[in-house]
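Let's take a walk through the pockets and salt bridges of this protein. Have the model open as you read.

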Amino acid sequence: HHKTARNVKLSPLHHKLVEKGAYFKPVSGFEGADWYDEECSTTNPPTIEKLTWNRESWFDHWEDEHIACRDEVALIDMSFMSKFIMQGEEAGEVLNYLSTANVNKCENTISYTQWLNDEGKLEADLTVSKLDNGTYFVVATDTMKGHVLQWMRRHTRGRHAFVTDVTGAYAQINIQGPKSRELLQRLTSVDMSNDSFPFRTIREIDIGTERK
C-alpha cells in the first residue's frame, strides 16, 4: 500500500468539478481537472482503464470541451497558476525594468509580457496587471513559481517594492470562448460590453452577491 499527497491543495471549485465528473491529475500540488465524463459524479468518479499511445478512451470528452470553448463558452479552473502582489513606491519602476512591455502605464490594465536577463534570454512569460500606482498583480505559470518569485525578490533588494506570494489566497477561474461576455453579463450588474470593459481590463465586479 502506497500513501500519496493527493487532495492536499484544492481550489474553491473542487467539489463542484467532482460533481460534474472531473478526472483530476496533480498540477504543482493542486488537483487539476483534466477532462470530464458527464455520466460520472461524486459517488462514481471517472477512471482510466488503460493508457495508450493512441487515441485515449476519454478523447471524445476532451473534444467536446474544446469545441465548447471554441464555439461557445467554457469555465476552466486555473487556480494552480502562480500569483503575486508587488507593492511599494518603486514597484512599477522595478516591474517595468524587468518587463519587455510597458507595464507601468495605465491603471486597471493587464499587460502580457516577458522577462529577460542581461543576455536577452527568457526568464519568464507572464502577465502584469497595474491595479494602481503602488499595487501590481503578477500571474505566471505554476511551474515557474519559485523562479519568478526569486527573480522579483532579487530585483527588489534595496528598493521600496515588496512581493507577496498570494497563490493560495486567490482562485483563478477562466471564462473563455466567444460567448464569455454574454455569460458574465447574466451574472453581474457591470456593463460587460467591449466599449465599457475593453480587452486587457482588470476591474472588480459583482457576481451575484459577491465582488470578484
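## Ground rules

This is a predicted model, where local features need pLDDT of at least 70, side-chain atom pairs count only at pLDDT 80 or more, and totals for chains, interfaces and linings use all residues. Residues are numbered from 1 along each chain as its sequence is written, and side-chain values use heavy atoms, with hydrogens and water left out.

## The largest pocket

The largest pocket comes in at about 2,100 Å³. A pocket here is an open set of points on a 1 Å grid over the protein atoms alone, where a 1.4 Å probe fits, with protein on both sides within 12 Å along at least five of seven lines; lining residues have an atom within 4 Å of a point. A volume is the space filled by probe spheres set on the points. There are 44 lining residues, and the closest to the centre are Ile-110, Gln-172, Ile-173, Asn-174 and Ile-202.

Strand 6 is the top contributor to this lining, with five residues. Other elements giving two or more include strand 5 (109-116) and helix 5 (180-185). (Helices are DSSP runs of H or I with at least four residues, strands are E runs of at least two, numbered from the N terminus.) By class, the lining splits into 27 nonpolar, nine polar and eight charged residues; Ala, Val, Leu, Ile, Met, Phe, Trp, Tyr, Cys and Pro count as nonpolar, Asp, Glu, Lys and Arg as charged, and the others, Gly among them, as polar.

## The second largest pocket

Next up is a space of about 510 Å³. It has 18 lining residues, with Ala-33, Asp-34, Trp-62, Glu-65 and Ile-76 closest to its centre. Helix 2 supplies the largest share, five residues, and the lining has twelve nonpolar, two polar and four charged residues.

## Salt bridges

The structure has seven salt bridges, each a side-chain nitrogen of Lys or Arg within 4 Å of a carboxyl oxygen of Asp or Glu. Asp-34 turns up again here, paired with Lys-25 at 3.6 Å between the closest N and O atoms. Asp-34 is buried at 17% relative accessible area, while Lys-25 is partly exposed at 38% (buried means under 20%, exposed over 50%, partly exposed in between, with a 1.4 Å probe and protein chains only).

Lys-121 and Glu-119 also pair up, at 3.5 Å from N to O. Lys-121 is exposed at 51%, and Glu-119 is exposed at 62%.
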